[in-house]
Every structure is written in C-alpha cells, then in structure tokens.
Amino acid sequence: MTKDAMIEFRDVHKYYGDYHALRGITGTIRPGEFFSLLGPSGCGKTTLLRTIAGFEDISSGAVLVDGRDMAGVPANKRPTNMVFQSYAIFPHLSVEENVGFGLRRDSRSKEEKARAVGEALEMVGLKGYGKRAAHALSGGQRQRVALARALILKPKVLLLDEPLSALDKKMREQMQVELIRLQRQVGITFILVTHDQEEALVMSDRIAVMFEGEIAQLADPETLYRRPNSRKVADFIGTMNFLPAKVLSEGGDAVEIDAAGFGRIHIEAQQVMGGATAEGATVGFRPETLTILYEGSAATDRESMATIEEVVYFGDMTYYDVRIDGTESPVRISMRNVFGRPVLDRGARARVGWSPGALVLFR
Amino acid sequence: MKSPVFRSYAIIYLIFLYAPIVLLPIFAFNDSKVIAFPLQGFTTAWFVEMWEDETLWNAVQNSLIISVSVAVISTLLGLFAARSTTRFQFPAKAGIMGLIMLPMVLPEMILAMALLVVLLAIGINLSLVTIILGHVLVCTPFAVAILSSAFQSLDKSLEEAAYDLGETPISTFWLIVLPLVMPGIISSLLICFTISLDEFIISYFLGGTDTVLSVYIYGQFRFPAKVPAIMALGTILVLLSITLLATAEYFRRRGIAKAGGKDSGGFL
C-alpha cells in the first residue's frame, strides 16, 4: 500500500486548543495523481494541505510523503512546494528573481540557473516576462509566476491552495485547462484545495470530500457524482433530488423499495448507501436522469405522470421543477433544448421517464 | 461647506498656525536687534553670529548624539514590538501593547518628573544618557505605530513561500521581511530623530549640566540681543524638520505600495 502512495495520512488529528480541526484523516494519494480536497469553508481542507507542506503540526497520527514520515521535518526540508491562495509573489523582486528564488541554495552555475528559470517561465507561458517587476503583473500572470516558482524545484508534490479563487470566471476556466495540461506534462502529484465542486470535478483524478474535519468520501469524480455515499455529499456535489422511500425486502444482490412517485421497484445492492436501518430511507437522483417524454417519444424503463410547477429557461437547457403524482415536493429535471421542440408551460401535465439504475438509496 | 464663514474660519486658522513660523525667516534676515516691524533691511549677520557661537555647537553636538541614539534604540525596540504584535498571539497582548503606546498620550511633564524623582532616588547622575532614556520612552510608541503598519501590510504567506522554497526562518527574515519593511524602518528612524531633537521638557529635567539644542534656545531668549541669531537658527531647524518629516512620509508610503497594500490613513 505504501509503495503506491505519494502521500499517506494515518489517522491524522489536529486540535487548535479545544477545536478539533482534523478528526482522524486516513487515506492515500497516488503518485502522479491530480487530487482534490473539496469541502465547504472550515472543513479542514486547507489545514490538511498545510500539514503536508509543514506549515501546521499535527496533534497525532502521521503524514508520509513518498514513504517517509514527515514528523519533525520542517517546511524548508520537505519535497513539496506550494502555490498560495494570495500567490505570495515577492513584490520587491523581478519575475525571474521570484521564479529562481528556490534555486538560491542550488550548486548549479549561474547560466544553468538562468536557463532553468527561462524554461520554467516558458512552461507557464510567460516567456520574455523575466525582467518585469512582480507587482506590475495581472492576477493570472501572478498565478503563473507562482506555479513556475514552485515547479522549478521539481517537487514530488505540488500543493495548490485555492489557486483559482481570486480569478474571474473566464480566467479561472482557462487556468483549469492549463493546470491539467501542466500536470500531465510534468507528471508531478498535484493536490488542489477547493470549495468549488465543479472545479474539482473538472480537474481531478480523485477527490476527497471533507466535512467538519473528516473525509466523507474519497472517490473519482464519476463515482462521487453517480454514487455519492451520503445525502450530504450528494447535496454538495451538483444538484440532487430527494424523495422518501421504504425498503420492502432485500436479499442477495437485489433490493426492493417503495419510492414515492415511482412505486415498487428493484435496485441493485450497490445503489444502497449507508447502514441497515429499515425505515425512513430516501432515494436520490440527478436532474438529468429524468426525462420529459414528449408525445411520440419512446418510453424509457419506467414513467410517471407529473405536473410542471416552474420553468427556468437557460438557452441551451431548460430546468423544470415538476411534482410527480403521489409526492409532496417538486423535483428538478434538466432537459437539453432541441430545435423544434417547444418549452413546456407552467401548469402543464407531462409524462416523466426515469430509470431505476440511476437512483441512489440513502438510509 | 462653501459657506464664507467656514472659509474665513479655515483661512484664519491657517494664518494663526503658520504666520509665526513664517516670521522666523523674515526676522532672521532683518537688519535690527529688535524683533518688530517695520523691517530694517537685509542682512546675513545673524547667521554668521549663530555660526560662530561655540556653546551652540556644543548643544548641537549633544542633541545629535542623543537624537541618533534615540532613533536607533527606539526603532530597534519598535521592530521587536511590531513583529511580535503582528505575528504572534500571547496572553494580555492588548494590555501590553496599550501600556507600550501610553507614553504617546501621557503628559511629558509627568513622565519627566517621575523619571527625575526615580533617577535621583537611586543616585544616577543626570547626563546625556538619562536624556536618551527618557526620549526612548517617548519615541518608542511612534516607532511601534509606524512599524506595525509596515508589518501589517506584509502578507504572511510571503514568509511561508520563502520557507517553502528552502530558506530558513533567519534567511527568510533577511531576504523577504527586512527589504519589505525597510521603508518603515527608515521612516521610524527619521520620525524618532525629529521628535527627540525637538523635545524640551525631558531634556530640561533630565539634562543636568549638559545642554541640548532645545534647552539652549530657550535659555538664549533671556538675552534680547541674542534673539535675532535664534531666529536664524530657527529658520534652519524649520527647513530641516520639514525635510526630515517629508522624507519619512515618503518612505512610509513607498513601503505600503511595495508590499502591495493600500494606505490605511497613515501616521502623518
């Protein structure tokens, strides 16, 4: 296990006085992986990142980097480098002095260092910016300087603390793509801290979703999206509809449930999340797993009748809030708009198609 | 605010504030021993008289020794205080900082009297050293105020970044922190120097037989014949003070701009 782990957390706890910031973090991050720590503010994701960098001591447990216990190893001796949320560009130094800062203690010749700086700047698309003053750069450029400065030391792990949160939307999307490209190019393990679930889904090989100092689920983006292991994770990642359900019987691989609006259906055991409390379960499903069946369209696995309560038109998509017959609260359906197909009106009746395989049962 | 009442109030206020200072150079170049209008003609004789006064030079020398020492000591102390108050949490921090800043608003007379009583009681002879002690007490709060603002506009992650890139805490301080707060340090040195140079009460109380500039000037006013030369000296001091304070403010602002912060009102 240790062999396959670039980072390994072993029951990591962190207290600030009485406050229990990290509550027994265990898990591994693989070499060459783009890994994200995702969670709301105050969930401990930044604290966890800083324990890898060496800026936070842990109260108990162990953090291993490339198989080596980091206890007692100061930040300046760790094989990790960090890109800070504020970028932390040294304002009194030029771009090339910033990028070359980590090479100060390197024994290489001046020319070799200058070449390394040039290569690092070229890698982040800032070729020719070396002589500029750091404080005269734009947000996106600072970001790139910070990346070049951290990557020039060829760390085993690059730590990114909400690096895109200060950029505007367009710039952010551009940098997401560039970060993915950069990570593939250098092959270094990237660990990203973010509170933006979309960003985490787009960029990561695997994601650890954190709540209140604990990892709620650690999985690849598709699993997180399709099979969230709790209502909380389901709520945090994208939109999920919930309807009450009851477990009728379970045996072997199949579970029979009675879900409001859907009736009695069979689902597979792997669609069931949580322990075995019989009563009071909930089914969850994503808005795009439901379809409004227009006249003449082929039936899906199952269908129910519903009333359209709200229509939100987004151009390429339309969101319908519909109430399925026999249920109390409306659920959201997202439909891709197709040329020639009318957007339905509020109050209209519609057939809603769904599929048992897309459901998740939480209990 | 366009009311003529407010406007004339502002003008009268400014005249009252600055007219006496403007009179200094006027009478410094006036060819008469009497400080009164009408003016009698142009002369530089008072500057020559001032220049040849040996007790004045002695006082200037004493003042420079004191002011330079005070500037250096206060700025060093201010550096420690500002660093600890902006980076670390410790018990009773607000209370301790309050006590350090208190001499800024405490009447200097009280400070001077108390110090005099204590120094006499423990049998320390009054000298330049005792003046330096008193001045450090008064100047340190100013140094703390200036340097705190310099340290506050310093992003903590700059230090972490340097540390992360392989530097030790000491080399980080040397390479990152010091260059970025240097304008604040220069500004603090200049302000403390100026305050110490101008200071009278403590210098008078704790000076013993050593005379400093401010006390010397006060003493000269007993002799009407000496007053024009004092006017000449005053003219030079005004120019010197303005230059020093302007330089200090320039460095403070540059420091904030350099650290990428916004000017939050400032000290001057």
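## Domains, sheet and chain contact in a predicted model

The domain assignment divides chain B into domain 1 (1-43) and domain 2 (54-258), in a model that is predicted and that scores ipTM 0.83 and pTM 0.80. The C-alpha centres of domain 1 of chain B and domain 2 of chain B are 31 Å apart, and the contact between these domains involves seven residues of domain 1 and eight residues of domain 2. On the side of domain 1 of chain B that touches domain 2 of chain B, six residues are nonpolar, none is polar and one is charged.

Confidence in chain B averages a pLDDT of 85, with 94% of the residues of this chain reaching 70 or more.

In chain A, four strands make up an open sheet, with antiparallel pairing and the order 2-1-4-5. Strand 2 (19-29) and strand 5 (68-69) of chain A each have a single partner strand and therefore stand at the edges, with one side of each left without a neighbour in the sheet. Strand 1 (residues 7-16) of chain A runs antiparallel to strand 2 of chain A and is joined to strand 2 by eight bridges; within strand 2 of chain A, A:Y19 is the bridge partner of A:Y16.

Between the chains, the contact draws 17 residues from chain A and 17 residues from chain B. The side of chain A that touches chain B consists of ten nonpolar, six polar and one charged residues.

Definitions and conventions:
Residues numbered from 1 in each chain as written. Chains lettered and ligands numbered in written order. Predicted model: local features only at pLDDT ≥ 70, side-chain atom pairs only at ≥ 80, totals over all residues. pLDDT = per-residue confidence, 0-100. Pairing = 2+ DSSP bridges. Helix = DSSP H or I, 4+ residues; strand = E, 2+ residues; numbered from the N terminus. Contact = placed C-beta atoms within 7 Å. Nonpolar A, V, L, I, M, F, W, Y, C, P; charged D, E, K, R; others polar. Domains from an automatic or database assignment.
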